[in-house]
Amino acid sequence: MTTTILAASATVPITGHAFAAETAQEDIVIAPNLERFVLDNGLEVVVIPDRRAPVVTHMLWYKVGSADEPDGQSGVAHFLEHLMFKGTTNNPDGAFSKMVADRGGQENAFTSLDYTAYFQRVAKEHLPLMMELEADRMENLVLSDEVVAPERDVVLEERRDRVDSQPRSRLREAMNAITFVNHPYGSPVIGWESEIEALNAEAAIAFYDRFYTPNNAVLIVAGDVDPDNVKELAKATYGKVSRRAEPGNRVRPAEPPLSGERRIAVTDPRVRQESVSHTWIVPSQTTGEGRTPEALDILAYILGEGPTSRLHKKLVLETETAISSGAYYQGGALNHGRFYVYVSPRPGHTLEEVEALAAEELHKLLETGVTDEEVERAKHSMIASSIYAQDSQSGLARLFGSALTTGLAVENVQTWPSQVQAVTKDDVLEAARTYLSGVPVTGELRIPQPDTEASGPDNSGKES
């Protein structure tokens, strides 16, 4: 079980001029054969036919993540994800997973800030069973202290393994906490250790009863299926689940503007490669107005994506001060998006040196803007990626599921290539000046330096 999702990316090279001609002549629509309907109990269903192989991806998404947790119960969304595999009145502990495995299928689940999802990939003849099992799990979960306590220990061990013992994860967690001091995006998806320790069956069931209701869920079925048949199956399985709660709009605390510099460092002997990273809070795909989200996406590509990006050319190739550099836009969120820039110095060069060079390159962009050529190159690559991503059945299911659970509509996803195509270099410069001119949150990952000072009373107990 995981706590993050990575967007599908293209691995197929593009032939620039031919691709440019193609995209200029026609509007590209993602999953043009998609069909959508809503059951009487409020469950939204999206069907994406793909008949290239007799398999199907079945994904159930809930519009709830760690940012929706009650105060003092960080980690309960992820904890419940674990407990959903502990069985129902009809299918006791392990029965669901055994039925998937016996049929040669795959399954998993993941929790994020804004959503929780459960999925199976099976031969198409097993889709009715998957829908029956998942619908059962939506309303008949059975929990007891005997089940909950050991699973709480599993989550605590997962936290120790994935966060506490990983310097990079500890830095990421710390940076999130100082980036969002009021909004719940500042709390880790897995939860704070002291609050995980306090979680119990009562907290998990309360969360389940409030959010795991069909009117708070999205079902994505992608594969060798007929939409009309899926609709009948959905009515016969999910359609029987009662609408037992009204979660309402997800209203979260606002993040106030804060002045001053926010910087944090993690120094650990397990660090193998030092790095410095900057984070700015920016609009997401959901909250951004006009072409701002797409402009930020293109800006990230120009600044730090691949060998033609400005940071790579300046720091890695020209000055040879960095071993790697990059930028990316994290826009798939219900509330705030984030823009990141990171650099790792080459041996013999310092974090301060590469941080200054990266800041200089960003300042140059803010002063002089970007070129038409840079914008067009970014567009071609990004749109090509969206086309090639359609080769992945599960990738499409994830793309639409994550969008529909963070405030976007099917049409927003389908027309994304056209939205990107409409961005101009002026849009990119305006987005850069509006959102990257302020002081970022800075994180440093450091290797401890040898203590060259003579030991004595003044140095005893000194922390690195």
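1. Helices (H or I, at least four residues) and strands (E, at least two) are DSSP runs, numbered from the N terminus. Ala 31 sits in the loop that joins helix H1 (16–25) to strand S1 (35–38). Although Ala 31 is not a glycine, its phi is positive, at about 50°. Ala 31 is buried, with a relative accessible area of 2%; buried means under 20% relative accessible area, exposed over 50%, and partly exposed in between (1.4 Å probe, protein chains only).

2. The model is predicted: local features need pLDDT of at least 70 and side-chain atom pairs count only at pLDDT 80 or more, whereas totals for chains, interfaces and linings use all residues. Residues are numbered from 1 along each chain as its sequence is written, and side-chain values use heavy atoms, with hydrogens and water left out.

3. A positive phi also occurs at Glu 320, about 55°, although Glu 320 is not a glycine. Glu 320 belongs to the loop between H11 and strand S9 (322–330). Its relative accessibility of 48% makes Glu 320 partly exposed.

4. Leu 317 is part of helix H11 (residues 310–318). Leu 317 is partly exposed, at a relative accessible area of 49%. When neighbours within four places in sequence are set aside, Leu 317 is in contact (heavy atoms within 4.5 Å) with Pro 307 and His 312. Between Leu 317 and Gly 65 there are 252 residues of sequence separation and 41 Å in space, C-alpha to C-alpha.

5. Salt bridges come next. Side chains of opposite charge can pair when their charged atoms come close. A salt bridge is a side-chain nitrogen of Lys or Arg within 4 Å of a carboxyl oxygen of Asp or Glu. The whole structure contains 30 salt bridges.

6. One of these salt bridges pairs the side chains of Lys 98 and Asp 102, at 2.8 Å from N to O. The two residues are 4 residues apart in helix H3 (residues 95–102), so about one helical turn separates Lys 98 from Asp 102. Lys 98 is exposed, with 52% relative accessibility.

7. Helix H5 (residues 145–164) holds Glu 158 and Arg 162, which are 4 residues apart and therefore separated by about one helical turn. Glu 158 and Arg 162 form a salt bridge whose closest N and O atoms are 3.3 Å apart. Glu 158 is buried at 10% relative accessibility, whereas Arg 162 is partly exposed at 38%.

8. Arg 159 forms a salt bridge with Asp 164, with 3.4 Å between the closest N and O atoms. Arg 159 is buried, its relative accessibility being 6%, while Asp 164 is partly exposed, with a relative accessible area of 28%.

9. A network of salt bridges links Glu 261, Arg 263, Glu 352, Glu 355, Glu 444 and Arg 446.

10. On the surface, Glu 35, Asp 226, Asp 228 and Glu 232 gather in a patch of negative charge. Patches are made of residues with over 30% relative accessible area and no salt bridge, like charges being joined within 9 Å and nonpolar side chains (Val, Leu, Ile, Met, Phe, Trp, Tyr) within 5 Å. Asp and Glu count as negative, Lys and Arg as positive, and His and the chain ends are not counted. Glu 232 lies in helix H9 (residues 227–236) and is partly exposed, with a relative accessible area of 49%.

Notes: Areas by Shrake-Rupley, 256 points an atom, 1.4 Å probe, with all protein chains shown as cover. Charge placed at Lys NZ, Arg CZ, Asp CG, Glu CD.
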